[in-house]
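Okay, thanks for coming, everyone. Let me put the chain up on the screen, and then I'll talk you through a few of its strands.

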Amino acid sequence: MQLEVNGSTVEVADMSATLLDVLRDVRPRLASVKDGCAPQGQCGCCTVLVDGEPRVACVTPARRVDGRAITTLEGLPDELRDAWSDAFTACGASQCGFCTPGILVRLAARVDGSTSLENALAAHLCRCTGWQTIREAVVDVRSPSPRAPRDLDAASRRATIEGRTPQHVGRDVALGCGGFAIDTVPDGARYAVPDGDGGWVLGDSLAEARRASGRIQGRRTTIAATAPLSLPPGEWTTTLRTSWVEPGYLEPDVAWCEPGGEPASSLANGGAFGAKQHSIVGDAARLLAAREARTVAVVLGREDTVRLGPKRPPMAIGLRADGSGVVRVARTAGIADAIRAVAPGLVVDEVDIAGPPTSADIRGAGWVEVAVAIAAATGATQITAANGATASSTVDLDAEDRGVIDVRVRCGAVLDEIVLRSYCIGAAHMAYSWVTSERLAVDATGAVHDLTIRSFGIVKAAETPRIAVTIEPDDGPPVNGSDAVFAAVALAVWRAHGLLSEWPCGR
Ligand code: FES
Ligand code: FES
């Protein structure tokens with residue numbers, strides 16, 4: 001078979017390959033074509049054009065596009081690619097940048113306006129940005145705003161503070177070149193994927209390793225998703241039970257290592273909101289490289305990420321009107337300290353429950369739930385994080401055009417307003433989605449049953465309220481502000497839903 005990829009002929013020998021497999025093998029590398037959920041076909045990260053029409057490459061058999069013209073972001077006309085990536089950078093519409101190339105390809109293909117923006121974005125997921133800035137970039141590309149001079153080093157510093165892992169800001173990020181480990185695997189490396197039994201299956205390509213693992217894709221389950229912890233006994237005026245929640249970052253965990261070397265970081269430009277801090281892939285790559293005496297890339301698929309990656313620990317909180325009470329939480333290293341940082345007087349009761357691993361590193365885990373519950377119990381409207389950042393929010397879900405979330409934040413020197421605003425909007429979307437919609441089904445043995453990226457309950461673009469951010473001036477040292485925004489919006493959204501005692505509480 002032969003494909004025309006960005007104007008060059010590519011020979012395809014593997015008749016069972018997907019178009020994504022083929023495009024990931026093209027050299028020089030087409031780094032824009034990302035695998036966020038293959039073969040689920042649900043995230044849009046692998047979107048390319050086939051004879052000018054957007055297609056998700058991970059569910060497109062290569063044989064079906066034999067002889068046809070494939071265009072990736074790299075193959076778009078320079079002016080078009082530059083205009084879109086400039087607009088995304090100027091509006092803060094790309095953070096980790098993993099989802100962005102697929103979105104850009106689809107948006108660039110609808111320059112004639114033949115598809116509505118809502119329809120175009122419905123094919124995609126973005127976990128970082130909260131959609132608002134992407135909408136603004138679409139307006140900007142049609143009539144570019146004047147570009148004020150910008151210090152991208154300062155922007156990267158603000159992004160790193162908000163992402164809590166090294167983050168980079170620039171046009172290359174919007175083009176998908178943020179430095180993800182999967183894009184820097186040396187040629188000739190072996191690939192390793194989980195065998196589903198605690199071990200690894202290796203192959204000379206990612207597609208070969210996946211085929212050899214013989215894993216069946218999971219799907220949305222009929223098992224009910226529930227809050228797993230019961231409330232602590234007592235007389236409470238405010239109660240809250242939270243569920244298993246998937247961090248839902250788009251860039252699955254990947255690390256590669258040479259024999260005797262240090263693993264490439266799985267955190268490059270994708271901090272995963274803290275969920276990758278202790279990813280298993282780095283150590284696995286080091287061990288397998290030593291065993292094989294070859295460079296080995298360890299690659300988690302979407303399902304592996306859901307099964308093996310840490311979740312926010314479920315909680316059950318009972319509070320009196322003065323904010324005193326008891327927090328019951330799934331036993332998690334560091335969670336008691338995180339809670340006591342904002343509520344030193346609360347009793348923390350850690351319990352063992354069957355379920356996936358949990359982590360206190362995931363965005364404000366522990367302290368956010370407690371700060372929100374205390375504010376609800378005492379009638380407070382402002383959240384103060386342990387780092388001193390403050391945030392407040394009001395929500396009008398009945399306002400015209402999808403409702404509106406207003407956010408106010410103070411978190412030291414701004415450094416770059418575009419980046420700070422973007423991270424606050426992303427945090428507001430994540431909080432809204434968490435409180436109203438997100439949870440995972442976990443059975444009595446602790447096995448996760450919701451394994452597809454659309455089954456986590458992440459709120460889509462068309463259902464996301466408009467988000468307005470006010471940044472209060474502050475000359476203090478810059479500190480993370482988006483976690484305080486995350487808590488403030490969770491509080492406002494919960495109030496708007498009548499402080500129902502279990503999350504998610506519906507839209
Ligand atoms: S990787 Fe193809 S849609 Fe997600
Ligand atoms: S920028 Fe969209 S997932 Fe990170």
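**Strands and their partners**

So, let's start with one pair of residues: Val 404 has Arg 466, in β17, as its bridge partner. Keep in mind that this is a predicted model. Zooming out from that pair, β16 and β17, the latter covering residues 466-471, run parallel and are joined by six bridges. How does the chain get from β16 to β17? It goes through helix α13, residues 417-436, and the β-α-β crossover made this way is right-handed.

Now, β16 also pairs with β15. Those two, residues 404-410 and 390-396, are antiparallel, with seven bridges between them. If you want a spot to look at, find Ala 391, which sits opposite Val 409 of β16.

Okay, over to another part of the chain. Here we have an open sheet with four strands, and reading across, the order is β7-β6-β10-β9, with mixed pairing. Which strands stand at the edges? They're β7, residues 200-203, and β9, residues 254-257; each has a single partner strand, so one side of each has no neighbour in the sheet. Going from one strand to the next, the twist averages 25°.

There's a helix here too: α8, residues 206-213, packs on this sheet and touches β6, β7 and β10. Its direction makes about 35° with that of β6.

β9 runs antiparallel to β10, residues 296-299, and four bridges join them.

Technical notes:
Residues are numbered from 1 along each chain as its sequence is written. Chains are lettered from A and ligands numbered from 1 in the order in which they are written. This is a predicted model: local features need pLDDT of at least 70, side-chain atom pairs count only at pLDDT 80 or more; totals for chains, interfaces and linings use all residues. Side-chain values use heavy atoms; hydrogens and water are left out. Two strands pair if DSSP finds at least two bridges between them. Axes are lines fitted to C-alpha atoms, for helices over the stretch in contact, and angles run from 0 to 180 degrees between N-to-C directions. Contact means heavy atoms within 4.5 Å. A crossover is right-handed if, with the strands pointing away from the viewer, the path from the first strand over the helix to the second runs clockwise.
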